[in-house]
Amino acid sequence: MPNIDLILKAIEFIESHLTEDISVADMAESVSFSLFHFSRIFSRSTRHTPYDYLMRRRLCEAAQCLMKSEEKIIDIAYRYKFKAPETFSRAFKRMFNLQPRQVRLERRLDQRQLMGKLVPEYLEFLNSGISLKPEAKNLRPMQITGIAAPINANNPNLQIEEIWKLVGKEIQASGLKPADRDYLGLRMFFTSNSTNQYIYFAGTSLVESERAPHSFVQKSLPGLDYACFELPEKPSAASFVRKYVYHSWWPKITNAPLATFEIEFYSNRTAHKFEPQAVPVPQSLCFPLSFISFNNLGNER
Amino acid sequence: MNPKIIRNESIILAGLSFFGNPFETKDPWSEENEIGLLWQRLMAFMGQNGEEYKRLITREGVFYEVHIYHPDTSKTGEFEVFVGAEINQAGELPVEFVLKILPPTSYAVFCLEGEQINSDWPHMIYQEWMPKAGYISAFPYSFQYYDHRFKGMDNLAESVIDVYVPINKSPE
């Protein structure tokens with residue numbers, strides 16, 4: 001297993017030189033590795049090549065400047081070591097699918113695309129021996145029913161827990177059998193997702209003979225191809241897998257914006273121990289692969 | 001580390017090449033790196049339709065992995081990886097193949113065993129051995145020489161490879 005401390009040291013070096021001319025050779029030298037060995041270890045540990053990490057961090061810091069300051073775009077470009085405004089615009093567009101001037105004008109960006117400095121906990125997760133290889137799945141169309149609520153940036157996990165507790169109580173009170181059904185969580189993002197807000201839907205699939213509780217809304221999930229990632233039973237696994245998908249995996253396969261919704265699947269095993277107050281733990285995360293902005297999830301009551 | 005110092009004439013190699021950061025896994029459905037994929041492509045090609053290639057090979061079962069550093073390598077970390085075998089002459093090669101002609105030069109030849117193969121041997125050679133031994137790098141490449149002593153990446157503990165580093169004496 002690679003030496004996490006040395007990788008963190010290299011990350012600190014990169015972070016403290018984002019606005020300076022540094023090379024991958026400099027990064028390697030900061031931890032007394034050869035360029036070859038450093039590239040190999042860094043890429044394996046962080047899921048970014050050293051140069052890719054440097055450029056992504058520079059572009060994310062530049063994006064923050066565009067949204068939060070009045071600094072001229074050309075000055076931001078030069079500050080983050082882009083040789084010309086055109087080079088900066090091209091790299092920015094490639095990463096965010098938006099021009100810098102659009103972000104400056106609208107002061108917003110899909111927050112999921114903003115990659116912060118890699119933290120030790122995330123690095124430990126990436127190097128814990130888990131496989132982050134997704135499975136391609138074609139999921140059949142589903143009728144689902146549950147409770148949807150907006151989630152804001154203040155303690156989102158707690159808000160989601162409360163929704164699940166409510167779903168549990170309603171299912172029990174309505175006489176539906178809690179066991180032997182699919183439970184899923186749906187995160188639906190606004191087209192202009194600049195404030196970390198989204199709608200969270202917690203619910204289950206219905207069989208034909210069943211009636212949903214009155215408080216539940218119904219949705220039709222279309223049949224689509226998904227990339228599904230198994231979640232290990234580790235704290236913050238879902239959050240770390242999301243980070244990996246947003247910043248490492250998705251950019252590899254497309255320049256298209258991130259999908260406007262994601263599905264968390266909870267296994268039947270969780271349901272067998274169903275207690276209304278219990279919050280189920282997701283078993284897998286699935287991301288739609290159609291690369292279209294799917295914002296037409298059928299809402300029915 | 002005590003290498004052998006030898007002098008080689010030009011070596012003509014034929015094989016496949018990759019330029020970029022080989023540790024950037026482009027395939028989102030795989031965790032294999034580009035060097036592994038390059039070897040797989042070479043072996044698959046030779047297995048399927050490499051008869052012409054096999055006829056030109058000087059020594060069967062001997063392969064080279066050449067790492068070539070280009071001017072931007074230290075900045076971006078991108079470099080060229082070539083895998084192939086030595087041929088007698090550049091006859092009619094399959095169009096998928098490229099030629100790599102290594103110049104005549106002196107080499108320091110290091111024998112790596114077991115886990116040394118996965119170690120940071122470039123650092124040990126270039127930053128530690130070379131300055132102490134009074135040599136400098138003659139060309140911006142090195143190569144790994146694989147023969148019957150290499151037992152596969154799954155059996156590194158039993159494996160041996162040679163690393164050739166082109167050298168010149170340090171100017172006084």
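Chain A splits into domain 1 (4–126) and domain 2 (135–300), with bounds that come from an automatic or database domain assignment. Where the two meet, the contact takes 14 residues from domain 1 of chain A and 15 residues from domain 2 of chain A; a contact here is a pair of residues whose C-beta atoms, placed from the backbone, lie within 7 Å. On the domain 1 side, helix α8 (residues 120–126) of chain A gives the most, with three residues. By class, that side of domain 1 of chain A has four nonpolar, four polar and six charged residues. For the classes, Ala, Val, Leu, Ile, Met, Phe, Trp, Tyr, Cys and Pro are nonpolar, Asp, Glu, Lys and Arg are charged, and the others, Gly among them, are polar.

A word on what you're looking at: this is a predicted model, where local features need pLDDT of at least 70 and side-chain atom pairs count only at pLDDT 80 or more, while totals for chains, interfaces and linings use all residues. Residues are numbered from 1 along each chain as its sequence is written, and chains are lettered from A and ligands numbered from 1 in the order in which they are written.

Chain A has a mean pLDDT of 87, with 89% of its residues at 70 or more; pLDDT is the predictor's confidence in each residue, from 0 to 100. Watch residues 292–301 of chain A, though: pLDDT is below 50 there, and the stretch has 20 contacts in the model beyond near neighbours in sequence. Where pLDDT is low, the predicted coordinates should not be read in detail.

Chain A carries eleven helices and nine strands, taken as DSSP runs numbered from the N terminus (helices are H or I, at least four residues; strands are E, at least two). Among its contacts with a separation of 6 or more, 71% come from residues 24 or more positions apart. Of the 301 residues of chain A, 35% count as buried. The cut-offs go by other C-beta atoms within 10 Å of a residue's own, placed from the backbone: 20 or more is buried, 12 or fewer is exposed, and in between is partly exposed.

A:Ala238 has 21 C-beta neighbours inside 10 Å, so it counts as buried. Leaving out residues up to four places away in sequence, A:Ala238 touches A:Leu231, A:Glu264, A:Pro282 and A:Leu285.

Two loop residues of chain A have backbone angles worth a look. A:Arg47, in the loop between α3 (35–46) and α4 (50–68) of chain A, is not a glycine, yet its phi is positive at about 70 degrees. A:Arg47 is buried, with 23 other C-beta atoms within 10 Å. A:Asn97, in the loop between α6 (85–96) and α7 (100–106) of chain A, also isn't glycine and has a positive phi near 65 degrees. With 16 other C-beta atoms within 10 Å, A:Asn97 is partly exposed.

Over to chain B, where 16 residues are in contact with 20 residues of chain A. On the chain B side, the elements giving two or more residues are α3 (73–76) and α4 of chain B. Strand β1 (residues 4–8) of chain B has five residues and zero of them buried, so it lies largely in the open.
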